[in-house]
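User: I'm new to this one. Can you walk me through a few spots?
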Amino acid sequence: MKTQAAILLLGAALMLVVCVVHSSGGVRRPVRWIAFALLAFVSMQGVLFVALEVSGGRRDTSFGRVVAGADPLPGRPSLVLLGSSYTARNIDGQLLREVLARGGVDIQVLQLSLPGGFAYEQDYHLSRVLREPLRNTIVLAELGTERAWGVARENLYKHDTIGYHDAVRVCDKVAIGLSDDDVDQEGLIDVLKLGLAHHVNLGLAHAMVSGARQLELAGFVPQPKLSAAVPLDRILAGLSAADADVPVAEAFPAYARRRADAWRSLGADRVLFFQPPNADPAARGWTGRFCAALQGSCVPFDGTRHMAGDFWNNEGHLNLQGARRFTEWLGQRLLERKDFFSVI
């Protein structure tokens, strides 16, 4: 059941009760009746929320399903991939494990990525997976979705979006949005709507459906072939073009450093970021500047010539062949970072 449907049903039921109880006074005093109805609606959500917390039926989201499907092996060294579609679509986790094994690094790869996710979900993923007794945990996190602090309007109140994820992330997005040179006031209002939605809807429907796991989301989800793919010559032109000179607010590197510190406090032994591949020079310029600001804590995407082929099916994602090519490239770059795997 969709969250919004559950909320409407709950609200309608409570209003019906209030209407029956106060039927005589409600007709004569509509303002008082409406006030009683709203108070009953909000109070019941609070009661149910506390009851769920006490009983252990905590709210869950589609992000929780990603963690549930990872199925880590306790006691074995773990490489955790954190990211959005640029990780889920472009990195073959099983192939990455094989590339690392050929280079002498035997480690399990846990791909905690979800198309449509944001940087603000990454520490949620990691905090959940580190509840397991994992040993020698190394984190590789995607850069770039920190800037996408607004979401499409049609997704604002859906139960499987960031809207009902975590009020702390909403605050993060507001802070980063305000720090940008060009503040999108309309987008900021949408973010505040997300915060309001989070507090009004206490995630009751999530707690009810949290048993529905979608294991296919916990790993490599290659981009299906698109009928309206961007022409190859346009992609090659984008790859050969110089990266755009875009400003990067200090808030973004600072946010990444705070997340790395938080992950280490959760038990991660190593944290490294990577710049995802992109055929758009403006996007490469943004993530490249961001990656450079993190210095040795980030793997830059310097394989544009290596990827200059028929490996793309739109401007953001690779096709299956391209994803495997990028995975091979990334695995070799990681093997060059001797310090990264020194804890194993």
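User: Which side chain does Glu 142 join in a polar contact?
Analyst: The side chain of Ser 84, at 2.7 Å. A polar contact is a pair of N or O atoms within 3.5 Å; within protein, one must be able to donate a hydrogen and the other to accept it, and residues adjacent in sequence count only if both atoms are side-chain atoms. This is a predicted model: local features need pLDDT of at least 70, side-chain atom pairs count only at pLDDT 80 or more, and totals for chains, interfaces and linings use all residues. Residues are numbered from 1 along each chain as its sequence is written, and side-chain values use heavy atoms, leaving out hydrogens and water.

User: Is Glu 142 buried or exposed?
Analyst: Glu 142 is buried (under 20% relative accessible area, 1.4 Å probe, protein chains only). Glu 142 has no salt bridge (a side-chain nitrogen of Lys or Arg within 4 Å of a carboxyl oxygen of Asp or Glu). Arg 89, the nearest side chain of opposite charge, is 10 Å away.

User: New topic. How many aromatic pairs are there?
Analyst: Eight. Rings of Phe, Tyr and Trp (its six-membered ring) pair if their centres lie within 6.5 Å; planes under 30 degrees apart count as stacked, over 60 as edge-to-face and the rest as tilted.

User: Why is the pair of Trp 263 and Phe 273 tilted?
Analyst: Their planes sit at 40°, so the pair is tilted. The ring centres are 5.9 Å apart. Both Trp 263 and Phe 273 are buried.

User: What about Phe 301 and Phe 326?
Analyst: That pair is edge-to-face, with 65° between the planes and 6.0 Å centre to centre. Phe 326 counts as buried because its relative accessibility is 0%.

Notes:
Buried means under 20% relative accessible area, exposed over 50%, partly exposed in between (1.4 Å probe, protein chains only). Lys and Arg count as positive and Asp and Glu as negative; His and the chain ends are not counted.
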